[in-house]
Amino acid sequence: LLGKLLWLSCQTRPDLVFDTMEHSTYNKKPTVRNLLSLNKVVKKLPDGPRYLKFNHINIKQGDLKIVFYADASLGNLGKDKTDSGRGYVIFLADDAGTCGVIDWSANKIKRKVHSILGAETLAFQDALSAAIYIRALVSEIIYQDV
């Protein structure tokens, strides 16, 4: 069940990313409480968006921007609340301000952090790395830059 929710949240439902990521931290020793909480996530499915809307973005060379937002939290995951989570969302935007989401992610931070600054820095680093990769893809696909 969790694997299916993780796939769904990573492919089509960014509103479920944090919930599924949080539940994946309990995967080694799940309890009945974790299963009941996971069932609440399943109940959110029919209430969520039923379609994706794609805005028309002007793709003239030089007019596109990659915009991203990153965030992290210190000690919000795991049974003992010692693990930290991070997330980001990446948009493709034109000069008119029209934008569309092209990537999102939420994960447990793989390193043990002891400050919110450390968590935020690692979240920013992950988001920046993904944004640079997406910029290279967009440049190659749209403008044939290699």
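Helices (H or I, at least four residues) and strands (E, at least two) are DSSP runs, numbered from the N terminus. This is a predicted model, in which local features need pLDDT of at least 70, side-chain atom pairs count only at pLDDT 80 or more, and totals for chains, interfaces and linings use all residues. Residues are numbered from 1 along each chain as its sequence is written, and side-chain values use heavy atoms, with hydrogens and water left out.

**Exercise 1.** Find how many helices and strands the protein has, and in which order they run.

*Solution.* The protein has 4 helices and 3 strands. Read from the N terminus on, the order of these elements is α-α-α-β-β-β-α.

**Exercise 2.** Classify the aromatic pair of phenylalanine 68 and phenylalanine 124.

*Solution.* Rings of Phe, Tyr and Trp (its six-membered ring) pair if their centres lie within 6.5 Å, and planes under 30 degrees apart count as stacked, over 60 as edge-to-face and the rest as tilted. The structure holds 2 aromatic pairs. For phenylalanine 68 and phenylalanine 124, the ring centres are 5.5 Å apart and the planes stand at 50°, so this pair is tilted. Phenylalanine 68 belongs to strand 1 (residues 65-77) and phenylalanine 124 to helix 4 (residues 116-143), 56 residues apart.

**Exercise 3.** Decide whether tyrosine 69 and phenylalanine 91 are buried or exposed.

*Solution.* Buried means under 20% relative accessible area, exposed over 50%, and partly exposed in between (1.4 Å probe, protein chains only). Tyrosine 69 has a relative accessible area of 54% and is therefore exposed, whereas phenylalanine 91, with 18%, is buried.
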